[in-house]
Amino acid sequence: MPRLHRTSRMLDKGQLRILRLKNIDPYMSFGNDRNLSTLEQQIEQLHDKLTEYNTTLAALDTAKQEIEQMEKNMGNLLDQLLQGVAAKYGNDSREYEMAGGTRKSDRVRKSAASRTKNSTRKLALATSN
């Protein structure tokens, strides 16, 4: 899921305020860099930085998707290689185990009695609650 692009309420507020102030006096100034040109510069800088930030997020999302696709492709290849070893040597061979698989004879299977006992216990707990 892509990240949400950031917006700025302060930027929106500044843009609206500068429009209103220009309607009063386009050359309004209160000294010490408190004027409309300073406000315009700060609005432009904030807008540029926000655009840069959102562009970087989009690039990160693209890179993340590419990484996830590469991981999926690698996982498929790993599975296919393990299946190839199983086809050639069998899934109960040492080669299969060396390749990262679990030998068929090493797999632990619950007995039918313990499965029935566990399901009966779970049913008893569910009924008591």
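What covers the buried residues of helix 2? Let's walk through this predicted model and find out. The cover includes helix 1 and helix 3, the latter made of residues 94–98. The residues of helix 2 that are buried are L36, T38, I43, L50, N54, L57, D61 and V85.

Now bring in helix 1. Two packed helices are described by the angle between their axes and the distance between the axes. Here helix 1 (residues 9–24) and helix 2 (residues 36–89) have axes that come within 10 Å and cross at roughly 155°. Because of that angle, helix 1 is roughly antiparallel to helix 2. Their crossing is left-handed. On the helix 1 side, the contact is made by L11, G14, Q15, I18, L21 and K22, while helix 2 brings L36, L39, E40, I43, L46, H47 and L50. Sorted by class, this contact of helix 1 with helix 2 has 8 nonpolar, 3 polar and 2 charged residues. The spacing within these lists is worth a look with one rule in mind: an α-helix has 3.6 residues a turn, so residues three or four places apart point the same way.

Between helix 1 and helix 2 runs a loop, and N32 is found there. Most residues other than glycine have a negative phi. N32 is not a glycine, yet its phi is positive, about 50°. D33 lies in the loop between helix 1 and helix 2 too, and its phi, near 60°, is likewise positive in a residue other than glycine. Are these two buried or exposed? N32 counts as exposed because its relative accessibility is 70%, and D33 is exposed with a relative accessible area of 60%.

L4 sits in the segment before helix 1 and, at 75% relative accessibility, counts as exposed. Although L4 and N54 are 50 residues apart in sequence, their C-alpha atoms are 8.6 Å apart in space. N54 is one of the buried residues of helix 2. The other pair begins with G84, which is in helix 2 and counts as partly exposed at 37% relative accessibility. G84 and Y96 are separated by 12 residues in sequence and by 9.3 Å in space, C-alpha to C-alpha.

How values were computed
Residues are numbered from 1 along each chain as its sequence is written. This is a predicted model: local features need pLDDT of at least 70, side-chain atom pairs count only at pLDDT 80 or more; totals for chains, interfaces and linings use all residues. Side-chain values use heavy atoms; hydrogens and water are left out. Axes are lines fitted to C-alpha atoms, for helices over the stretch in contact, and angles run from 0 to 180 degrees between N-to-C directions. Helices (H or I, at least four residues) and strands (E, at least two) are DSSP runs, numbered from the N terminus. Angles under 35 degrees count as roughly parallel, over 145 as roughly antiparallel, 65 to 115 as roughly perpendicular and the rest as oblique. A crossing is left-handed if the near helix is turned anticlockwise from the far one by less than a right angle, and right-handed if clockwise. Contact means heavy atoms within 4.5 Å. Ala, Val, Leu, Ile, Met, Phe, Trp, Tyr, Cys and Pro count as nonpolar, Asp, Glu, Lys and Arg as charged, and the others, Gly among them, as polar. Buried means under 20% relative accessible area, exposed over 50%, partly exposed in between (1.4 Å probe, protein chains only).
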